[in-house]
Amino acid sequence: MGKPSGSTLATWLSDLEVDRLERVLAARPDAVSPPEPRSFGELADRLQRPASVAPVLPGLALPHLQVAEALAASGPVPCAALADLLDATGTESIRGLDAALEALADRALVWPDGEGLLRMAAPLRQAWDSPLGLDAPLTRLLADTTSEELRRMLVALGIPSPGTTKKHRLTALLEHHSNPERVTAVITSAPASTRKLLERRASHQGEQDRSPAPLITFRAPSADSEPGARWALERGLLVQDRYSGYGSTRMPAEVALALRGAGWHAPFEPVPPVVRTASVTSAEVDREAAAAATAFAAHAASVLATCSAAPPVLLKSGGVGARELSRISKAAQCDDIVVRLVLETAYDAGLLARDGDRVAATDGYDTWAEREPAEQLTVLLHTWRTLPLTPAQARDEDGKVLPALAGTPPCGGCVQAREGLLAAAAQLPAHRGVHSPAELGPMVAWHRPLAEQLPQDTTPFATAIREAELLGVVARGCLSPIGAALRADDTEAAETLAAACERLLPAATRTARFGADLTAVVTGTPSARLAALLDTVADKEVGGTASVWRFSPTTVRRALDTGRTADAIAADLGAVAVGALPQPLLYLLNDSARTHGRVRIAPAACVIHGEEAALLAELVSHRKLAALGLRVLAPTVLVSRIPLDKTLAALRAAGYAPVAERADGTVRVEKTRRRRAAAPVPVPPLPGQRQRSVPTVTQMTPVTVDLSTLAARLRAAPPTLPAPDPFGTGVPYGTDTEEIVAAYAKNLAYSDVRQLAHAVDVGTAITVEYVAASGNRTVRILSELVLDPPYLYAWCHLRDDERVFTLSRIHGIMPG
């Protein structure tokens, strides 16, 4: 811990050696960001701010937190008293306590003062509401107690008052309660109800038991208190809380510790848990790490190539959904966990980026794809090391599938899970690996007890361990050379990691072996150029440490469609082939090229044909018809890029007399139609309604009309003509909407028709019974109704989206 110094952190920092002070600054970089402090006082002020303490806690191991919690419960105490509280008596436990105090001091969380006491940063004490299940020390609880109240406590305990000042009386009371034997003797003489109350309060570790306490009036406890509480309050075994309202008492930490007895100690685990190990050699670890890293590098190249060719579509809520993940997994021929791991690390590394509603490859991906597999893996490993989330997390607390690249908030505990995994694997004995990867979980929890544990993990930190295995960071249950380089925290860490990856991963393969069975086999990771060439001419069947492509007439035609010839394809394949190309492959290329393009399809808006070849040749060369883009398909057949009517008008304007044809080849007769106003379309008859007959006029005979009779009929007529009776009930349509709905929703009763029409007109929600095309009957709540016969557009609360409903499939209406 260094030599004791003054009671303040600033004084302790000023007395540190240079190398020790550098360790403190390196352990707390967030608290000493530029500009640099101008004095140790300013540095101490920064180090004790709550914002500077919170980021440090997740990086502490279990014994560090246990020591800090014990010190927070006991207050400033000598190191010997802290060791006694933690029962650090053996050699191993004493060494663990010293190491924990050193780690806390390196982070300026705990330091020794000039009086030989251990002090801690104030924000660290606030990290626990009740450390070790204990309340505050007596000094803090009695800070606002008056001198007269202290005198009465001393009298009740039978202690002579050392003086008349509050300081002297408080010192005497603290001296008495700091002796567990004296406190035990007082409690032994207490009434049975008091002993029962105090023992119950002392045994509630980790709980803030705020039992009802006596109502204090004029600084004196009332008689109607909890049984036994008044006796304890009079002697300072319980202290009235003056700031949390009436009826709340608190037990000083000294009293609780005395009641727990001399045999009680705070939990302290100075050594990590014991796990089963097995003997492994360096060659075995290297071989398994190389295989895993090589396979992951190949899968990463395939996944990102798939995303480059067909960018995945983002969900409306954000992220790449299960359907897109399944498509990428199938195309790249790897598991879902690998796809998620690649997408998250590549996105954070800048190889992927959001482009509208898709995730597309960036220019950085093009540069990355041209590198060697070792360099590609190094980029992804650096990103994985500090990624503020667990990329392989696939489910949430409710077991629902999570999308990838969902933009989740940063998770510091996820970073600490990887830190703890690397630290746990590094602590294993040389040439020893855990018997099962799951046994690394308890060790991770010891090294980083505040690390994030995923709800999907059946064993502690199973997802983080699986990620490390896929990346080759952990192999055969121990840390691989890649993991050791990744854990290094120095200026040469990047170079060390690159060297480790280069040593374990083979160089990209630039040649392929072509077989007579029309396959191409590439061992190792194919280079980007080789993979692009084979993807163009063949379909990939197998990926991983060895990749297989298969040729077929369809794949060769796909390559020919790009404008390449069979000779060019054969030359490109021969340049990357180990040996000569097999004859079956050459036959396939030549046969596919022979039939390729025998039938051609040209775009055309219309066709011009005639019997006179000279006339059609004249049309092609006519300057005024150049805009038509005429092209000769045959001496008597032309195609135009302009639609028929416009081509017809252009030819006529140029002085020609063409005629138009229909699609079946017959001549289209053009008639000039007189313009007339459109007559109203009769509404089709409704259920229960007879078709109104329309009289046929047979002759134009003038009819004599009695004007007085006509006037009388007009006076007797209603202001508006009522709509016909829709269902024979005697009730006409109330609105036009009802009439329209009734014409299409033929399965609804008239009352339901009126209810649906009212919801459309007013804009209220309704509940409908709907029968889908599949025959499934569902009940849905609809709002924001828009009528567009024969459809009803509405917001479906069941699907939480806008849906289109056919009116004829609505079988019932209920209020929304």
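A residue is termed buried when its relative accessible area is under 20%, exposed when over 50%, and partly exposed in between (1.4 Å probe, protein chains only). The structure is a predicted model, in which local features need pLDDT of at least 70 and side-chain atom pairs count only at pLDDT 80 or more, while totals for chains, interfaces and linings use all residues. Residues are numbered from 1 along each chain as its sequence is written, and side-chain values use heavy atoms, with hydrogens and water left out.

Helices (H or I, at least four residues) and strands (E, at least two) are DSSP runs, numbered from the N terminus. Helix α25 comprises the 12 residues 493-504. Its end C-alpha atoms lie 17 Å apart, in agreement with the 16 Å that the helix should span at 1.5 Å a residue; the expected span is 1.5 Å times one less than the number of residues. Within α25, Ala493, Leu497, Ala500, Cys501 and Leu504 are buried. These residues lie on the same side of α25, because they cover an arc of only 95° around the axis, the arc being that of the directions from the helix axis to the C-beta atoms. An α-helix has 3.6 residues a turn, so residues three or four places apart point the same way. The face turned away from the buried side of α25 carries the exposed residues Glu495, Glu502 and Arg503. The cover over the buried residues of α25 includes α16 (282-309), α20 (373-386) and α24 (481-487).

A nonpolar core is a set of buried Ala, Val, Leu, Ile, Met, Phe, Trp, Tyr and Cys residues joined through side-chain atoms within 4.5 Å. The largest such core has 78 residues, of which Leu13, Val67, Leu82, Leu97, Leu124 and Leu237 touch the most other members. Helix α5 (residues 62-74) gives the most to this core, with seven residues. Contact means heavy atoms within 4.5 Å; apart from residues up to four places away in sequence, Leu124 touches Val53, Leu57, Ala68 and Leu109. A second, separate core of 66 residues includes Trp368, Ala404, Met443 and Leu470.

Interactions of aromatic rings were also examined. A charge sits over a ring if NZ of Lys or CZ of Arg is within 6 Å of the ring centre and within 35 degrees of the ring normal. The charged end of Arg260 lies over the ring of Trp264, 4.6 Å from its centre, and that of Arg418 lies over the ring of Trp384, 5.5 Å from its centre.
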